[in-house]
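Please read it with the structure open beside you.

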Amino acid sequence: MKNAFIYTDAYLDYDYGPTHPLRIIRLKLTYDLINAYGLLDLPSVQFIPTIKAEEKELAVFHDEEYLSLLRQVNEGFALGDAYAYGLGPGDNPIFPGLFNLSLLVAGATLQAIDFVVDGNGEIAFNIAGGLHHAMRSRASGFCYVNDPVIGIMRLLRRGKRVAYIDIDAHHGDGVQKAFYDTDQVLTISLHETGYTLFPGTGFESEIGEGKGEGYSVNLPFPPETEDDVYVWTFDEVVPELIHAFQPDVVVTQLGVDTFYDDPLTNLHLSLFGYERVLKRIKDLAPKWVALGGGGYNIFNVARAWTLAWAVMNGVELEEALPESFLKEAVKMGMEERGLRGRPRTLRHSQNKENRTEMERVVHYIKRTVFPRVEE
Ligand SMILES: [Zn+2]
């Protein structure tokens with residue numbers, strides 16, 4: 001069975017702007033590091049160049065008027081009511097080709113979905129995907145088109161049960177909202193609490209509504225949460241829910257803005273904790289569509305998604321970064337270090353408080369969500 005890596009250098013034709021934290025170059029850096037480790041030459045790997053989605057494929061979720069506006073601002077100029085749709089200076093800038101980029105990203109996610117559903121393989125990774133904040137008719141949090149939702153909707157149309165696991169530092173609000181009232185998609189989001197971070201939602205009490213009650217799960221972490229508390233919480237909640245729900249496909253948003261040195265967030269994970277979580281997801285997922293997500297330290301992005309791709313392919317990587325990559329990255333400003341870096345020293349007092357808070361959240365989830373989720 002092959003694993004698909006979906007990518008194109010065409011992403012680099014687009015730019016959110018010189019002061020925007022989301023830098024497209026992080027995708028190229030990731031591709032370069034994966035390549036430098038030889039992880040695209042493995043017999044298990046199929047490289048698939050990204051193909052744009054068609055506009056009608058986005059319309060399964062997004063509002064026609066919103067899509068038509070995105071098409072019109074693709075030239076890079078603002079139009080009359082763009083602001084009402086979340087577009088404009090700030091988080092969701094209007095830049096030349098923004099609709100083209102959205103079509104590429106959503107296209108890659110649909111390619112990943114088709115790859116696993118058509119039986120070509122069990123794992124597919126779209127590092128450009130995971131734009132989980134976009135709403136039906138509104139751009140939000142650097143996201144214009146919600147590729148996870150569009151991908152999951154295709155899975156549903158093909159008769160699949162889907163579990164969505166989102167490990168980005170920000171709550172996966174757009175995906176949760178799209179499936180809040182259905183029991184056909186189980187969404188689980190692990191994120192920094194909405195008290196301290198955008199988008200300010202994702203509290204444990206948000207468990208879904210109607211038929212979907214119990215099928216939206218939120219694990220909000222306090223600032224400075226470290227690996228052990230994070231992985232403990234994951235283990236207490238996620239495996240049991242996946243076993244109860246029995247999905248055909250697991251879709252994951254693998255945002256890497258959870259690390260202690262991410263400039264936008266306050267969680268304190270390391271690549272050691274990230275790797276532990278990735279290995280657990282691999283064991284849990286019968287088929288796995290992996291999408292990228294946030295991550296604003298571009299060198300962390302490259303290292304973490306390379307580690308993720310290695311886990312997907314069952315390869316253990318050397319800690320020393322390949323010389324060719326290291327030279328380039330240091331020139332771009334990376335501190336010299338290895339793939340995972342040094343383990344973090346735990347700050348015990350904070351850790352204990354965070355553990356107590358997460359015990360409370362886990363207890364709440366076990367009481368409210370566990371009895372509701374079934375096959
Ligand atoms: Zn994020």
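Predicted model: local features only at pLDDT ≥ 70, side-chain atom pairs only at ≥ 80, totals over all residues.

The numbered points below go through the metal site, the core, the cavities, some loop residues and the backbone.

1. **Zinc site.** Three residues coordinate the zinc ion: D168 and D257 through OD, and H170 through ND1. The distances run from 1.9 to 2.1 Å. Along the chain, the donors follow the spacing D-x1-H-x86-D. D168 sits in the loop between β4 (162–166) and α6 (173–178), while D257 sits in the loop between β7 (249–253) and α8 (271–284), so the pair ties together parts that are 89 residues apart in sequence.

2. **Burial of the two aspartates.** Are D168 and D257 buried or exposed? D168 has a relative accessible area of 1% and is buried. D257 is buried too, at 0% relative accessibility. Buried here means under 20% relative accessible area.

3. **Nonpolar core.** The largest nonpolar core holds 136 residues. F125, L190, L254 and Y274 have the most contacts inside it. Helix α4 (residues 98–117) gives the largest share of this core, 14 residues. As a general point, nonpolar side chains in soluble globular proteins tend to be buried together.

4. **Surroundings of Y274.** What does Y274 touch, once its neighbours within four places in sequence are left aside? Its contacts are I167, L254, G255, V256, F259, A304, W305 and A308. One of these, L254, is itself among the core residues with the most contacts.

5. **Largest cavity.** A search of the whole structure gives three cavities of 30 Å³ or more. The largest has a volume of about 150 Å³. Its lining has 13 residues, and Y16, L101, V105, A128 and L131 lie nearest the centre. By class, 11 of the lining residues are nonpolar, one is polar and one is charged. Helices α1 (25–36) and α4 each supply at least two lining residues. The largest share of the lining, four residues, comes from α4.

6. **Second largest cavity.** This one has a volume of about 60 Å³. Its lining divides into four nonpolar, three polar and five charged residues. F259, Y260, D261, L269, S270, L271 and N300 are among the lining residues, as are R303, R337, R340, G341 and R342. F259 is also a contact of Y274.

7. **H268.** Where is H268 placed? It lies in the loop between β7 and α8, the loop that also holds D257. H268 is buried, with a relative accessible area of 16%. Beyond its neighbours within four places in sequence, H268 contacts E224, T225, E226 and D227, along with T258, F259, Y260 and R344. Both F259 and Y260 also line the second largest cavity.

8. **Y180.** This residue is in the loop between α6 and β5 (185–192). At a relative accessible area of 18%, Y180 is buried. Leaving aside neighbours within four places in sequence, Y180 is in contact with E206, I207, G208, E209, G212 and S216. L67 is 113 residues from Y180 in sequence, and the two are 23 Å apart in space, C-alpha to C-alpha.

9. **Cis peptide bond.** The bond from F198 to P199 is cis, with omega near 0°. P199 lies in the loop between β5 and β6 (216–221). Please look at this bond in the viewer.

10. **Positive phi values.** Most residues other than glycine have a negative phi, and most peptide bonds are trans. Which residues other than glycine have a positive phi here? F142 is one, with phi near 70°. It is found in the loop between β3 (121–126) and α5 (147–157). Q246 is another, with phi near 55°. Its place is the loop between α7 (227–245) and β7.

11. **Exposure of these two residues.** F142 counts as buried, at 9% relative accessibility. Q246, in contrast, is partly exposed, with a relative accessible area of 38%.

Notes. Residues numbered from 1 in each chain as written. Heavy atoms only, no water. Core = buried A, V, L, I, M, F, W, Y, C linked by side-chain atoms within 4.5 Å. Buried < 20%, exposed > 50% of the residue type's maximum accessible area, 1.4 Å probe, protein only. Contact = heavy atoms within 4.5 Å. 1 Å grid on protein atoms, 1.4 Å probe; cavity = no way out; pocket = protein on both sides within 12 Å on 5 of 7 lines; lining within 4 Å. Points joined across faces, edges and corners; volume = space filled by probe spheres on them. Nonpolar A, V, L, I, M, F, W, Y, C, P; charged D, E, K, R; others polar. Donors = N, O, S within 2.8 Å, 3.2 Å for Na, K, Ca; no water.
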